[in-house]
Amino acid sequence: MQSSLFDLGPLAFDRTFSRLQRIHLDETAWIDVVPGWVNGSDALFQGLVEALRWAQRTRFLYEQHRIEPRLTAGWHAGRGTPLEPPLLEEMRAALSDRYGVRFDSAGFNLYR
């Protein structure tokens, strides 16, 4: 991992989405970009690398089972376990509130 030179602050995120920029792709599609939404992302990433239960999967592709080039982990609200670390749960709640949709799962990919 190459650490950031500019993200040395405490682990936090902007609950207000104050720097949000909406990019319209067409009349029905858009992307929201929020520069600097997460502070301390290097620490968050390192914590996830150490804490998640990573697994390598295979995928049927081109008539063969092939090993995926990444490790994956997942979380789903239906399992009854909290999203860890607690900051991720706060981020999930803020995104759910902002977009009016209950985000009930998260997928993590670790490319090596």
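**Ground rules**

The model is predicted, so local features need pLDDT of at least 70 and side-chain atom pairs count only at pLDDT 80 or more, while totals for chains, interfaces and linings use all residues. Residues are numbered from 1 along each chain as its sequence is written, and side-chain values use heavy atoms, with hydrogens and water left out.

**Entry 1: the core**

I started with the largest nonpolar core, which has 14 residues. Such a core is a set of buried Ala, Val, Leu, Ile, Met, Phe, Trp, Tyr and Cys residues joined through side-chain atoms within 4.5 Å. For my own use: buried means under 20% relative accessible area, exposed means over 50%, and partly exposed is in between, with a 1.4 Å probe and protein chains only. The residues with the most contacts inside the core are Phe13, Trp37, Leu88, Met91 and Phe108.

Which elements give two or more residues to this core? I found α1 (41-51), β6 (64-76) and α2 (86-99). Here helices (H or I, at least four residues) and strands (E, at least two) are DSSP runs, numbered from the N terminus. α2 gives the most, with 4 residues.

I then clicked on Phe108 and skipped residues up to four places away in sequence. Its contacts (heavy atoms within 4.5 Å) include Leu48, Leu52, Trp54, Leu71, Leu83 and Leu88.

**Entry 2: helix α2**

I checked the length of α2 next. The expected span of a helix is 1.5 Å times one less than its number of residues. For the 14 residues of α2 that should be 20 Å, and the end C-alpha atoms are 20 Å apart, so the two agree.

Which residues of α2 are buried? I noted Leu87, Leu88, Met91, Arg92, Ala94 and Ser96. These buried residues pack against β1 (12-13), β4 (38-39), α1, β6 and β7 (105-111). Just after the helix, Gly100 takes a positive phi of about 65 degrees.

Rolling a probe the size of a water molecule over the atoms shows where empty space is left. Grid points are joined across faces, edges and corners, and a volume is the space filled by probe spheres set on the points.

The largest pocket holds about 240 Å³ of space. Of its 14 lining residues, Leu52, Gly74, Trp75, Pro82 and Glu84 lie nearest its centre. α1 provides the largest share of the lining, 3 residues. By class I got 8 nonpolar, 3 polar and 3 charged residues. In this count Ala, Val, Leu, Ile, Met, Phe, Trp, Tyr, Cys and Pro are nonpolar, Asp, Glu, Lys and Arg are charged, and the others, Gly among them, are polar.

The second largest pocket has a volume of about 150 Å³. Its lining includes Leu83, Leu88, Met91, Arg92 and Phe108. Again α2 turned up: it gives the most to this lining, with 4 residues. The lining divides into 7 nonpolar, 1 polar and 1 charged.

Leaving out residues up to four places away in sequence, Arg70 touches Ala55, Gln56, Arg59, Asn109, Leu110 and Tyr111.

Pro10 sits in the segment before β1 and is exposed, at 66% relative accessible area. Glu27, in the loop between β2 (21-24) and β3 (30-33), is exposed at 78%.

Most residues other than glycine have a negative phi, and most peptide bonds are trans. I looked for exceptions.

- Tyr62, in the loop between β5 (55-61) and β6, has a positive phi near 55 degrees, and Tyr62 is exposed at 65%.
- Glu63, in the loop between β5 and β6, has a positive phi of about 65 degrees and is exposed at 70%.
- A cis peptide bond joins Glu84 and Pro85, with omega about -5 degrees; Pro85 lies in the loop between β6 and α2.

Technical notes
On a 1 Å grid over the protein atoms alone, a cavity is a set of points where a 1.4 Å probe fits but cannot get out, and a pocket is an open set with protein on both sides within 12 Å along at least five of seven lines; lining residues have an atom within 4 Å of a point.
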